[in-house]
Amino acid sequence: MSNYTQLQPTEHGPIATVLCCHCGVPMDGSTGLVMCYDCIRLTVDITLGIPREANVSFCRNCERYLQPPGQWIKAELESRELLALCLKRLRGLSKVRLIDAAFIWTEPHSRRLRVKLTVQGEAMTNTIVQQNFEVEYIVIAMQCPDCAKSYTTNTWRATVQIRQKVHHKRTFLYLEQLILKHNAHTDTISIKENKDGLDFFYAQKNHAAKMLDFLNAVVPIKNKKSEELVSTDTQSGNSQYKFTYSVEIVPICRDDLVVLPKKLAQSLGNISQIVLCSKISNTIQFVDPNTLDKADLAPGIYWRNPFPCLVDSTQLVEFIILDVEPTGKTRGKWVLCDVTCARASDMGVNDHTFYVSSHLGSLLHPGDSAMGYFTSNSNFNSDLWDSVESGKLPDVVLVKKYYPRRTKKSKNREWKLKRMAKEHADIVANDETRSAKQDAERSERDYELFLQELEEDAELRQTINMYKSQKNPYGNVEEMEEDDEMEEDDDAPLIDIDELLDELDDMTLEG
């Protein structure tokens, strides 16, 4: 019996009609096929040669997947990155055309990944069919080379040692926030805290060089490079080294009183020798409180003839402002004024007052308190101080306005900063020695002073990221009502909620 049954006339002429050899359905015989499309899709497997099982390698320590030949990538479950990695691991997929691919849900702890694929291919001559099939991937746990190195003595290949020879850590606290804002610490293996600074460890030399470039852009530093031979291959002649970058920050901080060398003061626009450090960036910025003159000192010029500060912010004294007379001269946010003040410790004891010039005319009012340096009758072990003419030596140098704060209100701030996770090298939490307790108290005091500076200086806040605190700052209703009653007497500046960012889930935040 012939498959050709009849000739059906049409507008374009007769068409030969045949029956499918499997199901007997009439079909167009002009194509030369003996089976219909459905029978071809059921009987011909275009996925032949594509395995239904495959393996992917996974590191349990860093939670990364291996992308051959040697790249380890971070990918979440059922993510596009993980799907692309799985498709690249499937052999024979290039013989067909991939239409669609999607994950089928599996238990996260099953170590199995199931992917449903839709492909198209040529089953017979001039016949394209589309089929679906599933592939199961077995997740094999192994250890990546980076994690394997972490258990050996040669973990790091380069380190950046940052030091500053001062009695407080305010500069490091500010530098920490700059590093976090610009994500300059992402390539570090570990961060270790020492008594005089921080150590950043890297697996590659170029990561350490990148960190060094960042430090040059934000703080005034000098650096020195050294290297240590780790191993040498006598056959190939290849050697491995450890590189160390020693970085020293200029030992002058914001609000420090500085006496400049005479020649240097003349080269900086003939500014006065006695100045205040107003800002630290990639240069050192000074301001003369008597004339509002400003000067920027490049770190290269400083390190040619370094000099220390006369007194730092740990020796500030509180003064009571009795009278303020603006002179009319302004420069930026500074307003020059003549101030009559007295030491807070002398109030009620004697009538000794001081008449000085100050750059804080926009902030100070009679009755306010200010922090400053009491240089009258002080003995400084400084040749630069002794070289200044006696008529130009000030009795008092006012630095900033002082805001009395409530202790409870300061601890219950509605904002927080994120911190870097550091390994303490010298300070041990369970150590009950007197030295450890003093170091912990000093660190806590420096951090509180840094937070107060952020509240007082809007310009400083713009350079870092601050986040909203999610916890309730009040323990109960009575504390909230009591704080509202005290708020009228507390004129400390507050940070607007518009300046705060939402909390990041992937960072360790500390308020």
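The side chains of D199 and R163 are joined by a polar contact of 2.9 Å. This is a predicted model. D199 belongs to strand 12, which covers residues 197–202. Its relative accessible area is 7%. Buried means under 20%, so D199 counts as buried.

R163 is one of several residues that D199 touches, leaving aside residues up to four places away in sequence. T159, V160, Q161 and I162 are also on that list.

Next comes a sheet. Strands form a sheet by pairing through backbone hydrogen bonds, in parallel or antiparallel fashion. Here four strands make an open sheet, ordered 15-16-17-18, with antiparallel pairing. Strand 15 (257–259) and strand 18 (294–297) are its edges. Each has a single partner strand, so one side of each lacks a neighbour in the sheet. From one strand to the next, the twist averages 40°.

Strand 16 spans residues 274–280 and runs antiparallel to strand 15, with three bridges joining the two. V258 has V275 of strand 16 as its bridge partner.

Strand 24 (residues 415–418) pairs with strand 26 (residues 467–468) over two bridges. W415 stands opposite K468 of strand 26. In a regular strand, side chains alternate between the two faces of the sheet. In strand 24, W415 and L417 point one way, while K416 and K418 point the other way.

Note on methods: Residues are numbered from 1 along each chain as its sequence is written. This is a predicted model: local features need pLDDT of at least 70, side-chain atom pairs count only at pLDDT 80 or more; totals for chains, interfaces and linings use all residues. Side-chain values use heavy atoms; hydrogens and water are left out. Buried means under 20% relative accessible area, exposed over 50%, partly exposed in between (1.4 Å probe, protein chains only). A polar contact is a pair of N or O atoms within 3.5 Å; within protein, one must be able to donate a hydrogen and the other to accept it, and residues adjacent in sequence count only if both atoms are side-chain atoms. Contact means heavy atoms within 4.5 Å. Two strands pair if DSSP finds at least two bridges between them. Axes are lines fitted to C-alpha atoms, for helices over the stretch in contact, and angles run from 0 to 180 degrees between N-to-C directions.
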